[in-house]
Amino acid sequence: MNILGIETSCDETGVAIYNSKNGIIAHKLYSQSNLHSKFGGVVPELAARDHLKKIGPLIDEVLISANITKKEISAIAYTAGPGLIGALMVGAAFSHSLGLALNIPVIPINHLEAHILSPFLENKKLDYPFLSLLVSGGHTQLVAVESFRKYKILGESIDDAVGEAFDKVAKILGLPYPGGPKLSNLAILGQKNRFLFPRPMINNGLNFSFSGLKTCSFHHVKKFGNNEQTKADIAYAFQEAATDVLVTKCRKAMKDYKFNKVVVAGGVSANICLRNKIDNMVKKENAESYYPRIEFCTDNGAMVAYVGYCYFSLNKNIINNDEIFINHKLSL
Ligand code: KG4
Ligand code: ZN
């Protein structure tokens, strides 16, 4: 059985094939970052139009790479939300049209669920239940994952998502879009003891707040200037503060809800500083940590194809009913 996965929620067109015996047998990703970088962020209409240009050719490439024909696709899974509406509509319309033409089921997938389950693509050892720390450009959530389809949000950001904060601070430091990974590289050159940023809401439940760190970075640039060393020092101080808060709350959720496994997923799970801190924390707590491989931390078609496979295997009879899936999954 081959499931075609299609991701178009933001500025990456991702396509992959998940094979029931062999896992991901092909995947391709086209990043629109060059298109948006001159605007300093994603322009939704340009994103939608570019997905439309790239999606067909990418599917052809993936089929060639997987060495299968369209007729060998058993079902199509696509990202239904959350995301940029125009970009999502391209993936939805394309998937439903292709499904109709091939007479195969089409499965809408929740983008957050796809991130949360993405570590299953790598880790044969991982099993339910676990705590998920979902850290992306649009969301920061601690989610209790009891089993497939049984999710409970334990805490989330009350303002900016952590990835959004990384991107906004990067912009303040004059780094080009997308800034998160660039800020993290700059932080390596930062001095450890020059600036100490606050740890927002660190002892206050399981919700997060990151917008104050952005303001703090802005005031530091105003006060101390923006020579290369100062920028690196601010990047370091910001990254330390943001990751300390994430790890502390993750530890609290593990203790409060008695989880001994944590899955970190979403774009910011590619951050090495965060991974190191999580790994040290779980070691001390005698627990385990799991991540997607680096290229599957940010948006991709592989995680969508995998979750599509999970739903397809669960109940082949309900997969044509969008209502059931959308209602269940967009409430995550
Ligand atoms: O999951 P994702 O691709 O898109 C959303 O679903 O939002 O996450 C993108 C976010 C961006 O904010 C990006 O700056 C951030 O993930 N990101 C990173 C790193 N790699 C990606 N942030 C910090 N360090 C990184 N290495
Ligand atoms: Zn994402």
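Visitor: In which sense do strands E6 and E7 pair, and over how many bridges?
Guide: This is a predicted model. In it, E6 (residues 130–135) and E7 pair in the antiparallel sense, over six bridges. The two strands form a hairpin with four residues between them.

Visitor: Which residue in E7 is the bridge partner of Leu 133?
Guide: Leu 142 is the partner.

Visitor: And what joins E7 to E8?
Guide: Six bridges, with the strands running antiparallel; E8 covers residues 150–156. Val 145 stands opposite Tyr 151 in E8. E7 and E8 also form a hairpin, with two residues between them. Arg 149, in that turn, has a positive phi of about 80 degrees.

Visitor: Why is E7 largely enclosed?
Guide: Six of its eight residues (the strand is 140–147) are buried, so the rest of the structure largely encloses E7.

Visitor: Switching to rings. How many aromatic pairs are there?
Guide: The structure holds 10. One of them is Phe 166 with Phe 238, edge-to-face, at 5.0 Å centre to centre and 80 degrees between the planes. Phe 166 is in helix H5 (residues 162–172) and Phe 238 in helix H8 (residues 228–256), so this pair ties together parts 72 residues apart in sequence.

Visitor: Are those two buried or exposed?
Guide: Both Phe 166 and Phe 238 are buried.

Visitor: Which residues do ring pairs link into a cluster?
Guide: Tyr 18, Phe 120, Tyr 128, Phe 130, Tyr 306 and Tyr 309.

Visitor: What sits over the ring of Tyr 30?
Guide: The charged end of Lys 54, 4.2 Å from the ring centre. Lys 249 lies over the face of Phe 208, at 5.9 Å from the ring centre.

Definitions and conventions. Residues are numbered from 1 along each chain as its sequence is written. Chains are lettered from A and ligands numbered from 1 in the order in which they are written. This is a predicted model: local features need pLDDT of at least 70, side-chain atom pairs count only at pLDDT 80 or more; totals for chains, interfaces and linings use all residues. Side-chain values use heavy atoms; hydrogens and water are left out. Rings of Phe, Tyr and Trp (its six-membered ring) pair if their centres lie within 6.5 Å; planes under 30 degrees apart count as stacked, over 60 as edge-to-face and the rest as tilted. Buried means under 20% relative accessible area, exposed over 50%, partly exposed in between (1.4 Å probe, protein chains only). A charge sits over a ring if NZ of Lys or CZ of Arg is within 6 Å of the ring centre and within 35 degrees of the ring normal. Two strands pair if DSSP finds at least two bridges between them.
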